[in-house]
Amino acid sequence: MNLKGKKVVVGVTGGIAAYKAAELVRVLVREEAEVKVAMTRNATEFVTPLTFQALSGNPVIWEMFGRESGDMEHIAWGQQSDIIVIAPATANFIGKVASGIADDFLSTMLLAATAPVLLCPAMNVKMYENQVVQENMARLRKRGIEIMEPSEGQLACRAEGRGRLPDPGAILEHIKSMLAPKDLVGCKFLVTAGPTIEPIDPVRFITNHSSGKMGFALARAARQRGAEVILVSGPTGLVPPEGTRFFEVRTALEMKDLVLQKAPQCDAVIKAAAVSDYRPKSQAQQKLKKGKQKLTLDLVRNPDILAELGKMKQGPRPVLVGFAAETQDLLANAKKKLKAKNLDMVVANDVSRPDAGFQVDTNAVKLIFKDGRIEELPLMSKEEVANQILDQVKALMEAV
Ligand code: CTP
């Protein structure tokens with residue numbers, strides 16, 4: 001989901017988490033959204049309007065009256081934007097919105113708004129758990145307002161519990177989920193990601209450079225577009241995308257068991273994982289000690305999970321998509337894999353390029369289809385590549 005040109009209003013209310021709203025505005029602007037900020041008077045006690053003005057590049061409104069502009073901004077902002085995000089939303093502000101009170105610019109704008117609204121509550125845990133706050137949120141949800149659960153951890157008041165404003169990245173993801181076209185609702189996707197690790201002894205293993213970023217981007221994009229998503233990943237350290245069913249595995253054998261068990265119920269399987277083709281024949285029970293002689297590792301073949309899926313596949317489902325990570329003869333090697341593994345599409349990836357493939361946030365791929373068609377995508381973010389791949393998978397699903 002691309003936010004380029006989307007009109008986003010960020011409403012900031014008076015809690016200590018207001019400082020995190022600055023970072024939220026920053027990430028939205030980085031995504032090329034057009035951001036306007038409205039604050040409550042109390043919020044200006046925590047962060048100055050100047051901060052938001054500098055970050056958003058637009059004037060900030062925090063007073064209802066006294067502005068020169070003749071525009072009816074309290075009406076226009078909420079009706080001409082694509083989304084309104086209140087972060088942080090205090091208990092007081094939630095109470096006001098739930099009761100239809102409009103006593104400042106932000107609450108008045110919300111009352112007149114037609115754009116979708118995301119509220120991100122942040123407060124002390126006891127305040128958050130208070131029945132009146134819970135009831136107010138339930139009322140707002142009933143009226144179609146989206147509320148993001150605060151995260152758990154140490155709060156600014158030193159208490160522990162639920163009440164932290166989620167990270168700007170998580171809020172951004174939620175915004176994208178709300179704005180993305182829901183064209184994959186009713187579809188079930190299985191995505192694999194990351195490397196596998198094949199143990200040599202209790203402290204050493206064989207692995208590869210896969211960061212998991214491409215697979216996670218695919219899972220995230222499919223979820224944002226409404227699909228049910230199972231994400232099976234080797235160890236990456238990445239945060240699983242909101243709303244996906246996430247399984248972390250270590251070895252190729254573990255990945256195989258899970259994938260073969262889940263794939264038959266899915267409409268599409270996208271295998272972005274870099275599965276190790278070999279594993280040490282045996283795993284030493286104790287840490288190997290160095291000796292004077294050279295050490296030779298005996299490796300045996302791992303099963304090819306995708307090839308097994310290709311063999312199992314009888315009808316049109318699941319649509320099978322593989323990746324071909326190559327350093328030479330990209331097209332020829334990728335076409336070979338497409339055929340040998342009975343795939344519907346292969347994403348060919350030249351991993352020798354510094355701006356594509358492992359670790360980086362961008363990718364340049366070629367999509368190769370069963371019928372011989374080839375689509376070459378220019379260098380773009382992995383998120384954009386993910387959406388292009390999903391567009392093609394959707395077309396393949398619709399074709400049969
Ligand atoms: N794959 C798999 N199981 C394996 C190896 C690969 O499921 N044991 C899948 C990968 O997830 C990817 C595709 O097969 O979607 C191609 O992986 P790649 O490593 O590029 O190719 P290989 O088939 O392993 O061939 P080679 O290593 O010889 O290039």
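**Helix and sheet packing**

Me: Which hand is the crossing of helix 10 and helix 14?
Reply: The crossing of helix 10 and helix 14 is right-handed, meaning that the near helix is turned clockwise from the far one, where left-handed is anticlockwise by less than a right angle. Helices (H or I, at least four residues) and strands (E, at least two) are DSSP runs, numbered from the N terminus.

Me: Which residues make the contact?
Reply: Helix 10 uses Lys213, Met214, Ala217, Leu218, Ala221 and Ala222, and helix 14 uses Lys382, Glu383, Val385, Ala386, Asn387, Ile389 and Leu390. Contact means heavy atoms within 4.5 Å.

Me: Predicted or experimental? What are the cut-offs?
Reply: This is a predicted model, where local features need pLDDT of at least 70 and side-chain atom pairs count only at pLDDT 80 or more, while totals for chains, interfaces and linings use all residues. Residues are numbered from 1 along each chain as its sequence is written, and side-chain values use heavy atoms, with hydrogens and water left out.

Me: Now the sheet. What is the strand order?
Reply: The open sheet has 8 strands in the order 12-11-8-13-16-17-19-20, with mixed pairing. Two strands pair if DSSP finds at least two bridges between them.

Me: And which strands are at the edges?
Reply: Strand 12 (245-248) and strand 20 (374-376), each pairing on one side only.

Me: How do strand 13 and strand 16 pair?
Reply: Strand 13 (residues 268-271) and strand 16 (residues 319-326) are paired in the parallel sense over 4 bridges. Valine 269 is opposite leucine 320 of strand 16.
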